Amino acid sequence: MAESKPRILVQIDSDDHASVFDAVVAIDAGVDHLLQYHGVTEDDVQDLVHGSIFTRGPHDLKSTAIFIGGTDVTAAERLLKRVLKSFFGPMRVSVMLDASGANTTAVAAVLAASRHVPLSGATALVLAATGPVGQRVVRLLAREGACVRVASRDGSRAERVCDLVRERVKAAELEPIGTTFDSLPAALDGASIVIAAGAAGIELVPAEAWQASAALRVAIDLNAVPPLGIGVEATDKAVPRGAAKGEMARGEAVICYGAIGIGGTKMKIHHATIERLFQSNSQVFDAEEIFAIGRELEG
């Protein structure tokens, strides 16, 4: 029986420099050879793909895979489409999209919430929902049957995200919300989950606002840079907070996760997905497929 070929990962990145973070994770996940390409445009993709698929026979293509990264998630999504268009018949390799860590971060956040609140039928508030991580959090929650409040300081952008998610999740229950300081109590009212996916260093909701919400059970803040998005400590991992001040009114504390507290799950999922790339040559790992892997890992 012939030995399998060395595992090669082709890292495609639209940035001026290919991500060191993604390279280290790939190597730690057991890739034998990492080929990095930076500044990649859509016009470059076909030649890179053909170089990946024509150098090995069909039975060996499972030992080659493509990772699409970079900081520009929209550009990465365009690259993914071009990669898939460059395949034909059995001439294809498996592909993972995780530009800016958007997919693995969103998956880790939603899985954390699901440990404490059944997602089906839950009301979830996603803050900064128009960003790449926020959009994926909305998509995943909607697929799991949650009623999602899609919040942004720009109400029209929130509506646009709702439209995009409905194209993928036909039965999605979504409510676009333009957030202001005055609208926060209404946005939080009845929500059992709040996930803040805003940019680093931007406060979205003061901690006292969500601590006063009687229905809230889980608060997740994906910003690790002060000022924090909703005031959850970056290192929190299933830490109960808020009971000391609001125990008589609320009945129980809110379970909190910060960016670093979510990070361990994110890294575990990232490693596992890289490893899965080499099980066959026909897999495509976007948010939903990575979420399925995360669910398996949760056991």
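A residue counts as buried when its relative accessible area is under 20%, as exposed when that value is over 50%, and as partly exposed in between. This division is applied below to a predicted model.

The phi angle of A238 is positive, at about 60°, although A238 is not a glycine. Because its relative accessibility is 33%, A238 counts as partly exposed. A positive phi of about 60° is also found at S100, again a residue that is not a glycine. S100 lies in the loop between strand 4 (94–97) and helix 4. With a relative accessibility of 47%, which falls between the limits of 20% and 50%, S100 is therefore classed as partly exposed.

A further backbone feature concerns the peptide bond from P226 to P227, which is cis, with omega near -5°. P227 belongs to the loop that runs between strand 9 (218–221) and strand 10 (237–241).

The packing of helices was examined next. Two packed helices are described by the angle between their axes and the distance between the axes. For helix 4 (residues 102–114) and helix 10 (residues 259–276), the angle is about 120° and the axes are 8 Å apart. Angles of 65 to 115 degrees count as roughly perpendicular and those over 145 as roughly antiparallel; helix 4 and helix 10 are therefore oblique to each other. The crossing of helix 4 past helix 10 is right-handed. On the side of helix 4, the contact involves T104, T105, V107, A108, A109, L111 and A112. Their counterparts in helix 10 are I262, T265, K266, I269 and H270.

Helix 6 was considered for its length and for the placement of its buried residues. This helix comprises 14 residues (155–168). From its first C-alpha to its last, helix 6 reaches 21 Å, close to the 20 Å expected at 1.5 Å a residue. Its buried residues are A158, V161, C162 and V165. These residues cover an arc of only 105° around the axis, which means that they lie on the same side of helix 6. The elements that cover the buried residues of helix 6 include helix 5 (132–143), strand 6 (147–152) and strand 7 (173–178).

Notes
Residues are numbered from 1 along each chain as its sequence is written. This is a predicted model: local features need pLDDT of at least 70, side-chain atom pairs count only at pLDDT 80 or more; totals for chains, interfaces and linings use all residues. Side-chain values use heavy atoms; hydrogens and water are left out. Helices (H or I, at least four residues) and strands (E, at least two) are DSSP runs, numbered from the N terminus. The expected span of a helix is 1.5 Å times one less than its number of residues. Buried means under 20% relative accessible area, exposed over 50%, partly exposed in between (1.4 Å probe, protein chains only). The arc is that of the directions from the helix axis to the C-beta atoms. Contact means heavy atoms within 4.5 Å. Axes are lines fitted to C-alpha atoms, for helices over the stretch in contact, and angles run from 0 to 180 degrees between N-to-C directions. Angles under 35 degrees count as roughly parallel, over 145 as roughly antiparallel, 65 to 115 as roughly perpendicular and the rest as oblique. A crossing is left-handed if the near helix is turned anticlockwise from the far one by less than a right angle, and right-handed if clockwise.
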